[in-house]
Amino acid sequence: MKSGNYLAYAGALINALIVGLSFLFTKTAVTISTPLDTLAFRFTIAFLTLLFLILFKFVKVDLKIKSFYKIIPLTLFYPSAFFTFQAFGLETVPSSEAGILFATIPIITMLFASLFLKEQTTILQKLSIFASVFGVIYIFVMKGSTVSLTNYSGILLLLLSCISLSGYTVLARSLVKTFKPAELTFFMLGIGFVFFNIAALVKHSTTNSIELMLEPWSNIEFVVAIFFLGLLASLVTSFVSNYILSKISASQMSVFSNLSTVVSIVAGVLILNEKIYMFHIVGSVLIIFGVIGTNIYKDKKRKKVMRPRMIN
């Protein structure tokens with residue numbers, strides 16, 4: 001295995017850790033501010049920080065890219081469509097039901113990667129992905145969660161959110177062959193900054209509540225939450241995700257997203273003093289084995305192919 005792949009796997013684990021913890025910080029932020037304002041602030045923090053890093057040459061980005069228009073579809077998938085569909089979907093669908101729907105993202109990504117990127121997955125990889133997905137669904141179902149099919153609009157919006165994230169993963173995997181991870185991250189965060197700030201300002205303008213937009217900044221818990229969401233859950237995860245996709249397949253990366261469920265469980269136990277039950281452990285084991293299986297079986301196959309050549 002190449003050293004770059006080791007870094008990619010380490011990055012995927014870091015991403016899962018950040019995303020798992022981000023649920024706690026998002027809960028804090030949206031109880032003090034609105035979901036739309038929270039998105040506007042987190043992408044403002046992320047984009048301005050990236051601009052600072054570019055200005056002082058800590059990060060190199062070719063801002064004169066003539067073919068930047070190729071990145072626009074990527075930014076429409078993520079962050080624009082993903083967060084928009086998610087925000088409106090969660091207004092009518094409980095987060096517990098949403099967790100079940102989001103667990104299907106690796107399966108959708110695998111299908112998209114096969115269709116558009118011609119990525120091949122072995123039977124063992126497919127079984128591993130399904131094991132990981134089943135582990136997440138098992139945890140939520142055992143907690144008493146089910147998906148109510150009566151709320152068609154909310155479920156549709158969340159499914160569109162899942163499709164958007166899978167679309168980003170597959171398209172980014174294709175674009176990293178042409179653009180550097182930092183360049184993709186710059187345009188992703190830039191579009192998020194413009195899109196969500198305009199949306200928030202328009203919403204507040206229609207309700208004459210512009211002054212309320214900055215009110216949450218007087219709350220220290222909100223400030224801590226928004227800096228975590230901006231710096232780590234937006235800037236770091238976007239850059240690391242694009243780097244990961246330059247090293248491993250879309251299917252291999254996508255399955256790591258389910259590890260965030262395990263992180264959320266551990267964080268709930270350690271930080272919120274929540275109880276842990278046997279179904280948490282069983283589901284977590286399935287998720288972890290699913291992630292490992294998805295990422296090792298392909299490597300084993302390659303080794304078998306290479307072995308005869310080494311003997312000759």
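How many helices and how many strands are there in the protein? There are 13 helices and 0 strands, where helices (H or I, at least four residues) and strands (E, at least two) are DSSP runs numbered from the N terminus. The model is a predicted one, in which local features need pLDDT of at least 70 and side-chain atom pairs count only at pLDDT 80 or more, while totals for chains, interfaces and linings use all residues. Residues are numbered from 1 along each chain as its sequence is written, and side-chain values use heavy atoms, with hydrogens and water left out.

**Whole chain**

Start with the entire protein in view. Its C-alpha trace spans about 75 × 50 × 35 Å along the principal axes.

Next, colour by burial. Of the 312 residues, 49% are buried, meaning under 20% relative accessible area with a 1.4 Å probe and protein chains only (exposed is over 50%, partly exposed in between).

**Charges and the salt bridge**

Select Lys and Arg, which count as positive, and then Asp and Glu, which count as negative; His and the chain ends are not counted. The protein has 25 positive and 11 negative side chains, and the centres of the two sets lie 21 Å apart. The place of a charge is taken as NZ of Lys, CZ of Arg, CG of Asp or CD of Glu.

Side chains of opposite charge can pair when their charged atoms come close. Which two side chains meet in a salt bridge? Select Glu119 and Arg173, with 3.5 Å from N to O. A salt bridge here is a side-chain nitrogen of Lys or Arg within 4 Å of a carboxyl oxygen of Asp or Glu, and a search of the whole structure finds 1. Glu119 is in the loop between helix 5 (105-117) and helix 6 (123-142), and Arg173 is in helix 7 (residues 152-175), so the pair ties together parts that are 54 residues apart in sequence. Both Glu119 and Arg173 are buried.

**Gly293**

Move to helix 13 (residues 278-311) and select Gly293. Is Gly293 buried or exposed? Gly293 is buried, at a relative accessible area of 4%.

Gln125 is 168 residues from Gly293 along the chain, yet their C-alpha atoms are separated by 6.2 Å.
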